[in-house]
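I want to look up a strand and a few charged pairs.

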Amino acid sequence: MCGIAGAWSPHPDMGVTELDALGRRMGDAIAHRGPDDHGTWVDAAAGLVLSHRRLSIVDLSPEGHQPMASADGRWVIAFNGEIYNHRVLRAELQALGHAFRGHSDTEVLLAAIVQWGVQATLERGNGMLAFAAWDRHERTLWLARDRVGKKPLYYGWATDGTLLFGSELSALRAHPSLRTEVNPDALALLLRLDYIPAPYSILRDVHKLPAGHLLRLDADALAAGNRGHDPQHAAHAWWNAQQHQEAAIARGFDGDEDAATEALDALLRDAVSLRMEADVPLGAFLSGGTDSSLVTALMQAQSSRAVRSFSIGFDNAVHDESAYAAAVARHLGTDHTELHADGRAALDLVPDMARMFDEPFADSSQLPTALLCRLARQHVTVALSGDGGDELFFGYGRYNRALRNEARLSRLPRQLLARMAGNPGEKSRLGGLAALRAELSAINLQGIAQQRVSRWRQPERVVHGAQRAITAYDDPRAMLRNGSNADRLMAMDFACYLPEDILTKVDRASMAVALEARAPLLDSRVVELAWSLPMSMKYRDGELKYLPKKLLQRYLPSELVYRPKSGFGAPVGDWLRGPLRDWAEAQLDERRLREEGHFDPACIRAIWRDFLGGQRKWHTHLWGVLMFQAWKEHWR
C-alpha cells in the first residue's frame with residue numbers, strides 16, 4: 001500500500017535534475033501514504049518521471065523499493081496496492097524461467113507484465129491496485145485501477161501540456177502549471193451524492209480513472225489530451241462489472257442453500273487468509289455488524305493467536321454499536337480495543353477533513369472512520385474490513401423502500417403522474433406531501449433510486465454554472481439487462497456508491513495515517529458468487545443479508561447475529577447547532593459565498609436559517625456545502 005505520482009511532458013526539455021525534483025515534490029505531497037521509503041525514476045529523453053511513496057507491508061527489504069524496473073529493463077512501474085495471489089503467480093513465472101531477487105508482489109507484477117502483457121496480468125491477478133507502468137521500448141504509459149476501485153488514480157493535463165497523475169489530487173497540484181478551476185458539475189454531484197464519482201473530479205482539467213479501467217497513452221494520445229480532447233475514449237474496462245454480473249445471473253448457482261453456505265464459507269475463508277499475509281502487524285475493524293463480524297470470525301478461526309480488533313463508539317446512542325462489537329470480540333476471543341468518543345475527538349478532526357480527504361467529500365461517517373483508523377494504526381499496520389457486504393447481499397433498508405415504491409408506482413399511469421406531481425425540489429427531503437410528490441415524479445427504477453441516494457435533489461439550481469452530470473443512477477446503459485430490480489439496485493451502488501464513497505472514505509482515512517485496509521468480501525471470486533445467488537438467499541422474510549447471517553451463525557450465537565442495523569454515522573446535526581456552529585457560520589458567511597461565486601448565497605443562507613430554527617434534516621444538505629468550503633479554505 002503506497003502512493004504513486006508522475007508526469008509526462010510532450011516537450012522533453014526538462015533535464016534529469018528538474019524531472020527528479022518534480023517527482024519528489026509530487027511524492028512529498030502524498031508522503032502520508034508511504035512514510036517508509038520514497039523514490040523517483042526519470043526517463044529524460046521521453047520527458048517522464050515516476051514517483052513512489054512506500055508503506056512497507058510485504059518484503060520490507062530494499063528489494064521492494066519503487067519505482068521498480070523489470071529484470072529485462074523494458075518496464076518500470078510505480079504500484080500502489082497488493083497482489084494477494086502473488087505466490088501462485090510467482091510459481092507460474094518461475095516455471096516459465098523467471099528469476100526473482102526478493103519476495104515482493106511488485107516484482108511478480110512486473111515479471112507477469114513481461115510474460116503476459118498488461119491486461120492479461122490484470123485479469124490473472126487477485127488484489128487491489130492502481131499503477132503507472134512505462135514501456136521503455138514502445139514509449140507508452142499504462143494507467144490501471146483494480147476491478148472494484150479500492151485504490152484511487154487521478155490524471156489530467158497541466159497548461160504546459162504535461163500529463164500529471166497520482167493517487168491523490170495533492171500530488172497533481174504540486175505541478176505549478178496545473179489549472180485549479182473548480183468543475184461546477186462535479187460540485188453539484190458532491191451536493192447530490194456526498195461524493196464525486198469517477199470519471200469526474202472537483203477540478204475541471206482532472207479526471208479519475210474508473211474502477212476496472214485501463215488507460216494506454218502514447219505520444220499521440222498525450223498530445224490529444226493536451227489539446228482538450230476527452231481522454232476517456234482511450235480508457236477501456238479491462239474488467240466490466242456489469243457484464244460479469246449479467247453473466248453470473250445468467251449462470252446462476254447450481255445448488256441449494258446449504259451448498260451456497262459452504263461455497264461462501266470456503267471462498268471467503270480463502271479471501272481472508274490471502275489478506276492476512278503481511279510482514280507487519282495486522283488486525284480487523286469490528287463494528288459488531290454482520291460483515292465485519294464475519295471477517296473477524298474467519299480471521300480468528302485461521303489465526304494461532306488472538307486477532308487484534310478495533311471499534312469506536314459515540315456518546316450518541318443512535319450511532320453507537322460498540323457494545324455489540326465488544327460482545328462479538330468476547331465470544332471470538334479477539335484482543336479488542338475500543339475508543340469511546342464523547343464527540344470532542346471527532347470535532348477536533350473536522351478542520352483536518354479537507355487535508356485528509358484531499359478532494360471534497362461529505363459522507364459524515366468520514367469522522368468515525370478517521371478516528372477508527374487512527375486508533376488501529378497505534379497497534380497495527382494492516383486492518384481487514386467488512387466493506388462490500390451490503391452491496392452484494394442486499395444489506396440496505398433503502399433497497400426495500402425503493403422496491404416497494406416501484407411496485408406501487410408501476411400500477412399507476414407513470415408519465416401522467418409525473419406531469420401532475422411535479423418536483424418540489426429540496427423540500428422533498430423533509431418528508432410529507434413534498435416527499436410523496438417527488439416519489440411520484442420518478443418514472444423508472446433509476447429515478448426511484450436517485451430519490452433514495454440524493455441529498456440535494458436539484459443541486460444544479462444552487463451551484464452557479466452547473467449542469468447535470470451522468471452517473472450510474474442516470475445512465476440507462478448502466479442498468480442490468482437481466483436479473484431482478486433488486487439486482488439492479490445493488491448494481492447501481494456497486495458501480496458508484498461502493499467505489500466512490502465507501503472505498504474512497506476508507507482509503508483516505510486509512511492512508512492519512514499510513515494504515516493499509518483490506519476488504520475480503522470484495523475478492524472478485526466472492527463478488528461473482530454473490531451475483532450468481534438468487535435473491536431468496538440475500539433477502540428472506542424481512543431479513544437482509546440472509547446468507548451471510550446464516551454463515552455467521554457458525555461462529556456466533558443468534559442474538560449477536562440477528563439484531564437491528566444502526567449504521568456508522570456521526571451526530572452532525574447536533575454538532576452544527578452546538579460546538580460547530582461558529583465554524584459553520586464562518587464557512588457559510590454570505591459575503592464569502594458571494595465573493596467566491598460557487599453557490600447561490602440566498603439559497604444556502606435560507607437553509608442555514610431554517611436549520612438553526614429547528615428543521616432537523618437540513619444538516620445533510622449543509623454538510624456537503626461545508627466540506628467544500630473547508631476544502632477551498634485549506635487550498636487557499
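My entries on strand pairing and salt bridges follow.

This is a predicted model, where local features need pLDDT of at least 70, side-chain atom pairs count only at pLDDT 80 or more, and totals for chains, interfaces and linings use all residues. Residues are numbered from 1 along each chain as its sequence is written, and side-chain values use heavy atoms, with hydrogens and water left out.

Entry 1, the strand. β11 runs antiparallel to β7 (residues 140–145), with four bridges, and antiparallel to β12 (residues 235–237), with three; strands pair if DSSP finds at least two bridges between them. I noted Ala144 with Leu214 as bridge partners, and His213 opposite Ala237.

I find 50 of them in the structure, each a side-chain nitrogen of Lys or Arg within 4 Å of a carboxyl oxygen of Asp or Glu. Glu500 pairs with Arg145, closest N and O atoms 3.7 Å apart. Glu500 sits in helix α21 (residues 497–511) and Arg145 in β7, 355 residues apart. Glu500 counts as buried at 4% relative accessibility, and Arg145 is buried at 3%.

Arg269 and Asp265 form a salt bridge (3.9 Å, N to O). Both lie in α9 (residues 257–275), four residues apart, about one turn of the helix. Arg269 is partly exposed at 28%, while Asp265 is buried at 9%.

Methods:
Helices (H or I, at least four residues) and strands (E, at least two) are DSSP runs, numbered from the N terminus. Buried means under 20% relative accessible area, exposed over 50%, partly exposed in between (1.4 Å probe, protein chains only).
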